[in-house]
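Dear colleague,

Please find below the structure that I am handing over to you, followed by an account of what was found in it.

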Amino acid sequence: MSVCCMQGMVPYLPELIPHLIQCLCDKKALVRSIACWTLSRYAHWVVSQPPDSYLKPLMTELLKRILDGNKRVQEAACSAFATLEEEACTELVPYLSFILDTLVFAFGKYQHKNLLILYDAIGTLADSVGHHLNQPEYIQKLMPPLIAKWNELKDEDKDLFPLLECLSSVATALQSGFLPYCEPVYQRCVTLVQKTLAQAMMYNQHPDQYEAPDKDFMIVALDLLSGLAEGLGGHVEQLVARSNIMTLLFQCMQDTMPEVRQSSFALLGDLTKACFLHVKPCIAEFMPILGLNLNPEFISVCNNATWAIGEISMQMGAEMQPYVGMVLPHLVEIINRPNTPKTLLENTAITIGRLGYVCPQEVAPQLQQFIRPWCTSLRNIRDNEEKDSAFRGICVMIGVNPAGVVQDFIFFCDAVASWVNPNDDLRDMFYKILHGFKDQVGEENWQQFSEQFPPLLKERLSACYGV
């Protein structure tokens, strides 16, 4: 209710919130737990005020409730705190020490069901504060109880799922701070994948004698390996070198279950960025599988496969050439499909751009087939390195096949204008293409052409590129 009536509530919140915070100490457990829930609905407003007014008192009381004697209150407080973390993000950094003390204390206190919610609160904290968690004092508080639970749980215990998810967020946030813990965590994930694959094979061969495995073990393990690769970057190389993860990944990428493939392609992309030297020998085997998974029927699988192809292209360079034919037709089809979800369109556009950057001769002849949807799907994304490499690719392709962009040049202009500050060399590429086109058509035709521009676009191009 509070979302739609929020505006009407705002004038009362300065009085209401302190009252609700007082309710957190009520004698009745039910009142305490409902107060947790109600306050979580106003987290967004609380965070938008000066921290000392509401955020600090709310956080202080919620953390006390996380240690409440009543299990239902513990549960409500933990969930409410996770919501607050998502809203507050780095606003929580000054209080990290205090927050971790409470969460770690709860570890010793909580029973099974609430432990799972506690893992979620810790994972969300890591996602919200990111690298700010990478301080020796925080790591010393947080890691020992997590690793103790990790060692306690058997490989067959489903409680591993939330713990693996939590560690995945923690590893990504801690980056190099996770190094002392990475080896046993890495090894165990590889073991979980290997065991699940073996069990699946036995089951497929003798369904009457063996049980079907729970593939969630494998999915969550692959996701945690992704978190390690992302967090540790190049440091993950020695771990990969000493394991058979690439062989296992080859099997996971062909699994019948879409969620397994989805996590496999995410890991492939992360390993490509972190330690390509181990991925490269497998490319000839991996690329056909990636091509087969460019099927928008499974959006997330398709999305991750597309992203991985883009990352591989950037590492392979011109050696990507033999594989362009396997993937490009699918990517062009996806970008032209009606009702394709926004993220998939953006990822597809970036990957087409990256392919064109490393193999312009192979991709540029198709320019006319994708330039318009390409421009419209990338005009709304923020400047970042993926967008940068994609636009370099488009500029190189326009150089190879200028005729391919002529009919849709206004869309290209619009996409260029969406950059806030491109790198100098990319800006030069834009400048040359815009002026080249203007010189080609002549002053008079350019005037007529630019008359169609919305005023804002005209201003930006004139101010940034002098056309």
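In which loop is Gln175 found? In this predicted model, Gln175 lies in the loop between α10 (160-174) and α11 (179-205). Its backbone deserves a note: phi of Gln175 is near 50°, a positive value in a residue other than glycine. Most residues other than glycine have a negative phi. With a relative accessibility of 37%, Gln175 counts as partly exposed.

Cys89 also has a positive phi, near 45°, and is likewise a residue other than glycine. Cys89 sits in the loop between α6 (71-88) and α7 (96-109). Its relative accessibility is 32%, so Cys89 counts as partly exposed.

Turning to salt bridges, a search of the whole structure finds 22 of them.

Asp155 and Arg188 meet through their side chains in a salt bridge, at 2.8 Å from N to O. This pair links distant parts of the chain, with Asp155 in the loop between α9 and α10 and Arg188 in helix α11, 33 residues apart. Both Asp155 and Arg188 are buried. Salt bridges with shared partners join Asp155, Glu156, Arg188 and Lys195 into one network.

Lys64 and Glu61 form a salt bridge with an N to O distance of 3.0 Å. They are three residues apart in helix α5 (residues 55-66), and therefore about one helical turn separates them. Glu61 counts as buried because its relative accessibility is 14%, whereas Lys64, at 45%, counts as partly exposed.

In the salt bridge between Lys149 and Glu152, the closest N and O atoms are 3.8 Å apart. These residues belong to helix α9 (residues 136-152), where a spacing of three residues places them about one helical turn from each other. Lys149 counts as buried at 15% relative accessibility, while Glu152 counts as exposed at 52%.

The last item concerns the packing of two helices. Helix α17 (residues 283-292) packs against helix α19 (residues 324-336) at an angle of about 15°, and their axes are 9 Å apart. Angles under 35 degrees count as roughly parallel, and α17 and α19 are therefore roughly parallel to each other. The crossing of α17 past α19 is left-handed. Met287, Pro288 and Gly291 of α17 make the contact with Met326, Val327 and His330 of α19. Of the residues in this contact, four are nonpolar, two are polar and none is charged.

With kind regards

Conventions
Residues are numbered from 1 along each chain as its sequence is written. This is a predicted model: local features need pLDDT of at least 70, side-chain atom pairs count only at pLDDT 80 or more; totals for chains, interfaces and linings use all residues. Side-chain values use heavy atoms; hydrogens and water are left out. Axes are lines fitted to C-alpha atoms, for helices over the stretch in contact, and angles run from 0 to 180 degrees between N-to-C directions. Helices (H or I, at least four residues) and strands (E, at least two) are DSSP runs, numbered from the N terminus. Angles under 35 degrees count as roughly parallel, over 145 as roughly antiparallel, 65 to 115 as roughly perpendicular and the rest as oblique. A crossing is left-handed if the near helix is turned anticlockwise from the far one by less than a right angle, and right-handed if clockwise. Contact means heavy atoms within 4.5 Å. Ala, Val, Leu, Ile, Met, Phe, Trp, Tyr, Cys and Pro count as nonpolar, Asp, Glu, Lys and Arg as charged, and the others, Gly among them, as polar. Buried means under 20% relative accessible area, exposed over 50%, partly exposed in between (1.4 Å probe, protein chains only). A salt bridge is a side-chain nitrogen of Lys or Arg within 4 Å of a carboxyl oxygen of Asp or Glu.
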